[in-house]
Structure formats: C-alpha cells, structure tokens
Amino acid sequence: MYGYEQTPGAQQQYASPHQQQHQQHQQPMGGGYGEQPLYPEPSPPSLTDAVKAFTTGALSAEDFQQIFSTSKVYCPRGDGPGFLALHNTQQPVIPMFTTLKELRRYAGKDSKYFVITGSEVIDLLPTGYGFVLDMDGEHRMVFDAKAVEQMVDYAMRRMYG
C-alpha cells in the first residue's frame, strides 16, 4: 500500500499528557492546525453565477461546462425514479434548476426533487432530450438535444483525450 509504513512492528507513538503540555508551549503563536491559510484557494463560481456570466457572454462554453459538471443541479421528480420531461416543447426537455429556491418557484414549495451533479446530468440524460436551467428564472438557459450531444463530446474529449 502507498503512504503507509511498511516496517513490521512499526507503531503509532503517543505522547504522555506531560509531553503534550510541554509541546504546546513550544509551538509558535498563530500557526496552529485548522487556522485559515494565508492565501486561501478561491472558491469556484456558483452555477447561478456561471449561468449569468454565460448568458451575457462573459464566460466561454468550455468554462461554463467545467463549472456545470461539478455543480449541484436540482431536478423535480415524480413518484418513480428518473427525470420529469416536458413534451409540450419543440423537443422534449427536462427542467433543472441551479438552486432549490428556483426549483420551488417553478414547482411549488412542497414539490419532490433530487440533486445530482452536472456531470451526472450529462451521463444520465436520455438520448434526444435537452434540458432547461432555471425555467422561470431571469437567466433561463435552454440546451437542446444537439447541445447536450456537444457537451457529452466535450466531456469525453476532456476525460479520454
């Protein structure tokens, strides 16, 4: 196994309470475990921010897909497993939402839903279906079946080269 001591008989060393107390006094102030790093990693933009940026042209399709693939997506559900699709559109589409608040605005406060990542959406979406992000939102995005195919192709190229 990697990262583990392979020496037979190697054991974890524990300090006595007296040694622990002595060690605590030797630690420099302000450098303790669990404190915020001096230069924190920037947090990725939320899916809502990415939708706004993409619809206004401030974000490329590739950058949007990277954010989408790791973001949580809220999907309304029925009594059975799977996506709920709208068939009263030119092509069948599945409504999805960037936040629970957006889903509740569309489907009601007591609606059933499930949460998956954007990459799972791309993996699980039935062939021939598109999806709509934030159907009743200010920055609604429609991805038809062809756009979904392009997203799948892009994901495959990134994963397998």
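This is a predicted model: local features need pLDDT of at least 70, side-chain atom pairs count only at pLDDT 80 or more; totals for chains, interfaces and linings use all residues.
Guide: Local features here need pLDDT of at least 70, side-chain atom pairs count only at pLDDT 80 or more, and totals for chains, interfaces and linings use all residues. Residues are numbered from 1 along each chain as its sequence is written, and side-chain values use heavy atoms, without hydrogens and water.

Visitor: Why are α3 and α6 called roughly perpendicular?

Guide: The axes of α3 (residues 61-70) and α6 (residues 145-160) cross at roughly 80°. Angles of 65 to 115 degrees count as roughly perpendicular, and α3 and α6 are therefore described that way.

Visitor: Which residues of α3 and α6 meet?

Guide: E62, Q65, Q66 and F68 in α3 meet M151, Y154, A155 and R158 in α6, where contact means heavy atoms within 4.5 Å.

Visitor: What lines the largest pocket?

Guide: Its lining has 13 residues, with Q65, S69, S119, A155 and M159 nearest the centre. A lining residue has an atom within 4 Å of a pocket point. The largest share, 6 residues, comes from α6.

Visitor: What makes β2 and β5 edge strands?

Guide: The open sheet has the order β2-β4-β5, with mixed pairing. β2 (93-96) and β5 (141-143) each pair on one side only.

Terms used: Axes are lines fitted to C-alpha atoms, for helices over the stretch in contact, and angles run from 0 to 180 degrees between N-to-C directions. Helices (H or I, at least four residues) and strands (E, at least two) are DSSP runs, numbered from the N terminus. Angles under 35 degrees count as roughly parallel, over 145 as roughly antiparallel, 65 to 115 as roughly perpendicular and the rest as oblique. On a 1 Å grid over the protein atoms alone, a cavity is a set of points where a 1.4 Å probe fits but cannot get out, and a pocket is an open set with protein on both sides within 12 Å along at least five of seven lines; lining residues have an atom within 4 Å of a point. Two strands pair if DSSP finds at least two bridges between them.
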